[in-house]
Amino acid sequence: MSILKTLRQKLDDKTMSAVELTTTYLKEIKHKNNLLNAFISVNETKALAHAKEMDDLITKGKATLLTGIPIAHKDNLCTDILTTTCGSKILSNYQSPFNATVVDKLKNQGMTLLGKTNMDEFGMGSTNEHSFFGVVKNPYDLHHVPGGSSGGSAAVVAAGLTPFATGSDTGGSVRQPASFCGITGIKPSYGTLSRYGLVAYGSSFDQVGILAHYAEDCAYLLQAMAGKDKKDGTSIPTDPDFFTKSLQQDLTNLTIGIDGQLLSKLSAEAQTLFQACIAVYQKQGAKIKDIQLPDLQAAVSSYYVLAPAEAATNLARFDGVRYGYRSQHANTLDELYIKSRTEGFGAEVKRRIVIGNYVLAASQYDAYYHKAQQVRAKLKQDLDMIYQNVDMILLPTAATTAPKLGAQKDPVTTYLSDMYTLIANLTGAPAISFPIGQIEHMPFGAQLMANNFQDHLLLQAVCAFQRQTAFHLPQQLLQGVNA
């Protein structure tokens, strides 16, 4: 039930070297990335050199669980090799002088960086069509989106270009692409992973996450990245087994809450998959309890006031002066600011900056920003009440499978598609998406959400589900397709 443990065994018993393993994935990238457009940069030369160093450590008996294991990072995590672009023109040539804390933690444990993955610009999007570097394709069907904003990371894991990838989740940006690409994706509790070196979109929402096939592997990688970081005041200390302590336990003492009215709004095919999923959990001894979730429409409205407000503040630093893209058509300082930002940002980012500045204006602050914070607080209170009776909540990751490229033209409709995921970000709660079947040959995912710092329960529940099902297993995708 673990790709990580399988690879570890092969490296340790010398049936495969770290160089051979890295070479295998680099060949897959070379063969398939032209189809997917999922990598912004590839780390071929340094990855092979690093893998050789890891082989030496393995030979000396100094390997950790992660030594010599390849990984890809979403391109909003700072790395001191390769560019960190956030999928934006304004950072298209930016070279970070430092690593994000989570990048450093994985590097220090011996993971080999394959490259940086494509994403919606600054994490703003649900389809991965809002990137300066072009759209990412879904490996299940190249005419469909992979989801966003971590669509590049989801696509490369699903297509076998890397065993694991990091993502970031501000309103569902790890879980929704995981659902669309048929893999497992988790957003841990806010604060359990340092955000230092994650280029900020919405600071009170952002969280680094992991995309993999198996929930068990997600747990091991999260544990490696977790813990207090003096560079991030919102990070918290975690136990050495915070994520992994109940992976192999059964579900006999767990209660899962389900909002039947919410599920009734899904398509007949989706409802059938959900009922089958529920049946698996019941067979494993989990108790199912009816609940009523708070108004998710109000949650969407709150999120799309607060997140753009934080984005407008965070993105004010990109001014064409200190680093990043600088317009060549400016004659004054004011023109430099205006033209650099106008030319450097894409349409969706500019839309959210305008919204954010509007709701933060003194004349609008009480009507929008303050009210949205009140809705956010009420949502947390309502969910806390629900968690008094259930251990976790089962709900869709998205209402549908991955839409076709170009199908979502109305921004409001796109924003509403985040309805099921963003409540975890508004409350800081952990949530995990995992595949439960297919609808018309495209993956469909369910989502489990638990109260803050109950991440291990989610991983326990999905591990148990995956021991009884095969929806998460790696698929042979893009076979016979010419790159």
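User: Hi! How many helices and strands does the chain have?
Analyst: Hello! In this predicted model, the chain has 16 helices and 11 strands.

User: And how compact is the chain for its length?
Analyst: As compact as a globular protein of that length, because its radius of gyration is 21 Å, close to the 23 Å that the globule rule gives for 483 residues. Along the principal axes, the C-alpha atoms fill a box of roughly 65 × 55 × 45 Å.

User: Nice. What share of the residues is buried?
Analyst: Buried residues make up 60% of the 483 in the chain.

User: Which residues have the most contacts inside the largest nonpolar core?
Analyst: That core has 149 residues, and the ones with the most contacts inside it are Phe122, Tyr281, Ile393, Leu394, Phe434, Leu448 and Met449. Helix α10 (residues 296-314) gives the core its largest share, 11 residues.

User: Let's pick Tyr281. What does Tyr281 touch?
Analyst: Leaving out residues up to four places away in sequence, Tyr281 touches Leu251, Ile256, Ala286, Phe434, Leu448, Ala461, Val462 and Phe465. Two of those, Phe434 and Leu448, are also on the list of residues with the most contacts inside the core.

User: Is Ile338 buried or exposed?
Analyst: Exposed, because its relative accessibility is 56% and the cut-off for exposed is over 50%.

Conventions. Residues are numbered from 1 along each chain as its sequence is written. This is a predicted model: local features need pLDDT of at least 70, side-chain atom pairs count only at pLDDT 80 or more; totals for chains, interfaces and linings use all residues. Side-chain values use heavy atoms; hydrogens and water are left out. Buried means under 20% relative accessible area, exposed over 50%, partly exposed in between (1.4 Å probe, protein chains only). Helices (H or I, at least four residues) and strands (E, at least two) are DSSP runs, numbered from the N terminus. The radius of gyration is taken over C-alpha atoms; the globule rule is 2.2 Å times the number of residues to the power 0.38. A nonpolar core is a set of buried Ala, Val, Leu, Ile, Met, Phe, Trp, Tyr and Cys residues joined through side-chain atoms within 4.5 Å. Contact means heavy atoms within 4.5 Å.
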